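Me: I'd like to go through this model feature by feature. Could you give me the general idea each time, and then the case at hand?

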Amino acid sequence: MANINNKNLKLAIQKQGRLTDETIDFLRKSGLEFESYKQRLFSTCRNFPMEILYVRDDDIPDYVASGNVDLGIVGQNILNEERPKVKKLLNLRYGFCSLIVAVPKELDIKDIKGLRNKIIATSYPESTKKFFQDNNIPVEVVSISGSVEITPALGIAQAVVDLTSTGSTLALNDLRVLTKVYDSEAVLIANEETLRNGKKDLLNKLITRFKGVLSAKDYKYVMMNAPVDALPRIKKITPGLKSPTTSPLAKEGWISVQTVIKEDVFWETIERLKQIGATGIIVLPIEKMII
């Protein structure tokens with residue numbers, strides 16, 4: 001890593017795993033240009049003073065806490081388990097999953113109280129111990145690195161605590177969910193010294209880019225044709241980031257309208273626009289936004 005510029009920001013991301021592809025996609029949507037492939041240990045951004053290091057996800061919090069890197073992108077589940085001395089800056093809204101408690105389908109256990117004095121297998125021993133302690137349920141926690149779901153079938157444990165996003169792995173191993181311990185997603189973490197030192201301005205610029213991508217997820221860009229006299233109602237129906245952009249059409253009395261609509265009211269808004277005469281509606285995702 002001798003080629004790394006110490007004046008640049010240093011960001012550690014997962015080299016290969018659940019968050020890798022989405023993290024690289026998120027960074028590219030933030031306008032960062034860099035090379036990435038499995039053999040690389042680090043990349044230099046061509047258009048921003050930052051180095052990207054590719055490491056094991058479990059190592060990212062330690063690298064950030066020690067100051068070897070300034071920033072890291074890691075799952076919230078890792079922070080909950082390791083509790084490193086880092087500052088969480090942003091939830092990045094991808095990599096969604098949950099830490100859950102699951103038991104074999106045939107086991108006659110209705111809720112977590114039925115796990116009293118049972119053996120629980122998990123790759124998240126600290127989170128598991130805390131959860132059952134908080135619920136005043138004594139259990140024996142067995143730490144497993146690997147396929148936790150197979151342990152009940154092998155007679156190692158009566159239940160598991162594991163991370164799941166779709167539940168398909170649980171179903172394949174004939175397990176059912178009893179309850180959720182917590183939700184997780186990708187988060188941006190920082191070394192506390194970086195928040196105070198000479199890299200603070202660079203960090204703020206990077207966060208501005210990241211927030212732009214996150215804000216864009218809340219909106220859709222919409223183009224449509226509409227009667228001129230419908231414009232006042234369109235403005236009321238689509239209170240986006242700014243007033244709609246309009247231009248006249250060749251058809252007299254009609255205009256082209258460009259605006260944004262919030263994701264959570266998108267379909268309702270589209271129906272209202274159609275009712276007031278909007279036609280030719282085209283919807284595009286907003287990949288980048290100007291902050």
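Me: Which order do the strands of the open sheet of six strands have?

Reply: A bit of housekeeping first: this is a predicted model, so local features need pLDDT of at least 70 and side-chain atom pairs count only at pLDDT 80 or more, while totals for chains, interfaces and linings use all residues. Residues are numbered from 1 along each chain as its sequence is written, and side-chain values use heavy atoms, with hydrogens and water left out. Now the general idea: strands of a sheet pair through backbone hydrogen bonds, either parallel or antiparallel. Helices (H or I, at least four residues) and strands (E, at least two) are DSSP runs numbered from the N terminus, and two strands pair if DSSP finds at least two bridges between them. Here the order is 2-3-1-4-11-5, with mixed pairing.

Me: Which strands stand at the edges?

Reply: Strand 2 (42–44) and strand 5 (87–91); each has a single partner strand, so one side of each has no neighbour in the sheet. The twist averages 25 degrees from one strand to the next. Angles run from 0 to 180 degrees between N-to-C directions, and axes are lines fitted to C-alpha atoms, for helices over the stretch in contact.

Me: In what sense do strand 4 and strand 11 pair, parallel or antiparallel?

Reply: Antiparallel, over five bridges. For one of the residue pairs, look at valine 74, whose bridge partner in strand 11 is valine 187.

Me: What order does the open sheet of five strands have?

Reply: That one reads 8-7-9-6-10, again with mixed pairing. Its edge strands are strand 8 (140–143) and strand 10 (175–184), each pairing on one side only. Strand 7 (residues 119–122) and strand 9 (residues 159–164) run parallel, joined by three bridges, and isoleucine 120 stands opposite alanine 159 in strand 9.

Me: Which strands does helix 6 lie across?

Reply: In general, an α-helix has 3.6 residues a turn, so residues three or four places apart point the same way. Helix 6 (residues 200–216) has 17 residues and reaches 24 Å from its first C-alpha to its last, close to the 24 Å expected at 1.5 Å a residue (1.5 Å times one less than the number of residues). Helix 6 lies across strand 1, strand 3, strand 4, strand 5 and strand 11, at about 30 degrees to strand 5.

Me: How many residues does the largest nonpolar core have?

Reply: A nonpolar core is a set of buried Ala, Val, Leu, Ile, Met, Phe, Trp, Tyr and Cys residues joined through side-chain atoms within 4.5 Å. The largest has 29 residues, and those with the most contacts inside it are Leu27, Leu32, Met50, Ile73, Leu92 and Leu188. Its largest share, seven residues, comes from helix 6. Apart from this core lies another, of 18 residues, among them Ile120, Val161, Leu163 and Val181.

Me: Where is arginine 83?

Reply: Arginine 83, in the loop between helix 3 (76–82) and strand 5, has a positive phi of about 50 degrees although it is not a glycine. Asparagine 136 also has a positive phi, of about 55 degrees, and lies in the loop between helix 4 (125–134) and strand 8. Arginine 83 is exposed, at 56% relative accessible area, and asparagine 136 is exposed at 62%.

Notes:
Buried means under 20% relative accessible area, exposed over 50%, partly exposed in between (1.4 Å probe, protein chains only). Contact means heavy atoms within 4.5 Å.
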